[in-house]
Amino acid sequence: RVPTGPLSLLLALSLLSPWGSAGGSCPPRCVCASNLLSCSQANLSVVPAPLPRFTAVLDLSHNNVTRLRADWAPARLPHLHALLLSHNGLAFVSTEAFTHVPRLRHLDLSSNCLRTLDENLFSDLGELEVLLLYNNEITTVDRTAFENLGQLRKLYLGQNRIARFPLELLREGTRLPQLALLDLSANRLRAVPAGELQALPAWLRDRLYLHNNPLACDCPLFQLLDRGRRRHLSAVEDFQDELRCFLPGTTALIKILDLAGKQPLNCSKAQEAVLEAHLGDSVTLGCDSRWQGVRSRHWVTPAGERVLGDGGNGSVVLLGNGSLQLRALRPEDAGTYSCWVAGPLLNETLYVELLVHNFTLHGPHDTLNTAYTTLVGCILSVVLVLISLYLPPCRCCCCRGTEKPPAPRDDSINSSVLSTTPNHAGGTGEPCGSHIASSAGTGQNGRFKGGGTPPLPTRQGPKAQRKVSDPDSVSSVFSDTPIVV
């Protein structure tokens, strides 16, 4: 007969339990339940051995394990996915310490005494998703320490002594392509690459923690965090009081979000999602959502039209990443566009304001060239007028008689077209003596001729006829020099 009752039930459970089989036993001073092995606060200085192969969660926190050597797990532990080693005074971790636990997804090394993260320290953990390193003494992070962590989603490096921002950890698609949270709070960062951080996706900036660092105040940092506050990003909104910086030349901390309009920086508030373009351009409006893993999204134009695919003969295109592309911009394309996002938890609406200038991209430069040419022309005109005013004709009385007689001046301002007196050519080289008119007279219709010249007496010889300048000619209008006769 098959035994029945409570005794038989306990016997059956003991046979099904892995700890009751011949292949494993619970280490001393540890608590074992199913595939969980807890040795927390057991006053251990080394990892207990042997460890059962079916162990999935191993808790060694609050002990005295100061060194994690390569042989702490002599046999492969194919099922281990969580290892907890916090509060151990751990100061050394071998680069081969994780060779036998390749399926590890959660590793807690927080609250220890680690000072450096050596080369390829975690490279064997290709499936690791969460890595806790906060509250250590880390000052140096090797560039290859996080190599091959293609599945890492959360990295906690807060409360350390890191002075250089590890930007290579955030560049999308490189070292940590799945990273969605980076905690660098309470370190020794004095500067952050605000421009490159602003270019990151909003879902990553939403979990980038920078509070409690001795940052230097500058306007790019303020605008980065001000945009985060406008977007209600958790890393900014939840730690506004802890986001502080040092003003130049001072040792007093000030809230970074209070820098707007304050001296000496006088930072201006950032405009969120304002895009400028010109007629005929092609632009792409990004839908930078806080949510990762968006189910669906669509756009609404300033005219209220919903964009789900191609529209306007291909002038409006919804791209695969959720961005909206506008081709051959027109003046009526200007306005505020809305991106409606259906996230995994909540929905979100983003707004992008598009300004379309009513000239082409080269318009301002052509206008500038025209204005420059006009200005140069005006300056040259003024120079010529000044020359005509202050550089009168030659009045020398000692001209050499051997000089060649001047050519006929048929095209001068004293020509027969502009002068009331005949233009006599073929002069015999008379010296340049000048005669100043001293009397006034009345001209045609009795009009007073201020620069008039009385008729000269008739003279004999070839020099009897002289050229007389007409006071009403162009010469008398544009020159204040005495009239030469």
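Of the 485 residues in the chain, 34% are buried. The model is predicted. Its secondary structure comes to seven helices and 26 strands. The chain exposes about 28400 Å². Carbon and sulfur atoms supply 54% of that area. Contacts between residues at least 6 apart in sequence show how the chain is connected: 60% of them join residues at least 24 apart.

R53 sits in the loop between β2 (36-38) and β3 (57-59). R53 is exposed, because its relative accessibility is 53%, and the cut-off for exposed is over 50%. Even so, R53 has partners from elsewhere in the sequence. Leaving aside neighbours within four places, R53 is in contact with R76, L77, P78 and H79.

S111 is a loop residue of another kind. The loop that holds S111 runs between β7 (106-108) and β8 (116-117). S111 has a relative accessible area of 12%, so it is buried; the limit for that class is under 20%. Its contacts come from two stretches of sequence. S86, H87 and N88 touch S111, and so do Y134, N135 and N136, not counting residues up to four places away.

Now turn to charge. The structure holds 11 salt bridges. One of them links R103 and E127, with the closest N and O atoms 3.2 Å apart. R103 lies in the loop between β6 (92-93) and β7, and E127 in the loop between β8 and β9 (130-132), so the pair ties together parts that are 24 residues apart in sequence. R103 is partly exposed at 42% relative accessibility. E127 is partly exposed as well, at 30%.

D206 forms a salt bridge with R207, and the closest N and O atoms are 2.7 Å apart. D206 is buried, with a relative accessible area of 5%. R207 is partly exposed, at 28%. Salt bridges that share partners also join R143, R164 and E168 into one network. Within it, the side chains of E168 and R164 meet at 3.0 Å, N to O. E168 is buried, with a relative accessible area of 10%, whereas R164 is partly exposed at 42%.

Next come two sheets. In one, three strands form an open sheet in the order β14-β15-β16, with mixed pairing. Its edge strands are β14 (215-216) and β16 (253-255), each pairing on one side only. Strand β15 (residues 244-246) pairs with β16 in the antiparallel sense over three bridges. There, C245 stands opposite I254 of β16.

The other open sheet has three strands in the order β18-β22-β21, and its pairing is antiparallel. Three bridges join β21 to the antiparallel strand β22 (residues 324-326). V317 stands opposite Q325 in β22.

Finish at the surface. L375, I379, V383, L384, I387 and L391 form a nonpolar patch there. Together they have about 570 Å² of accessible area. One member, L391, lies in the loop between α6 (363-390) and β25 (441-442). L391 is exposed, with a relative accessible area of 59%.

Definitions and conventions. Residues numbered from 1 in each chain as written. Predicted model: local features only at pLDDT ≥ 70, side-chain atom pairs only at ≥ 80, totals over all residues. Heavy atoms only, no water. Pairing = 2+ DSSP bridges. Helix = DSSP H or I, 4+ residues; strand = E, 2+ residues; numbered from the N terminus. Patch = residues over 30% accessible without salt bridge, like charges linked within 9 Å, V, L, I, M, F, W, Y side chains within 5 Å. Areas by Shrake-Rupley, 256 points an atom, 1.4 Å probe, with all protein chains shown as cover. Salt bridge = Lys/Arg side-chain N within 4 Å of Asp/Glu carboxyl O. Buried < 20%, exposed > 50% of the residue type's maximum accessible area, 1.4 Å probe, protein only. Contact = heavy atoms within 4.5 Å.
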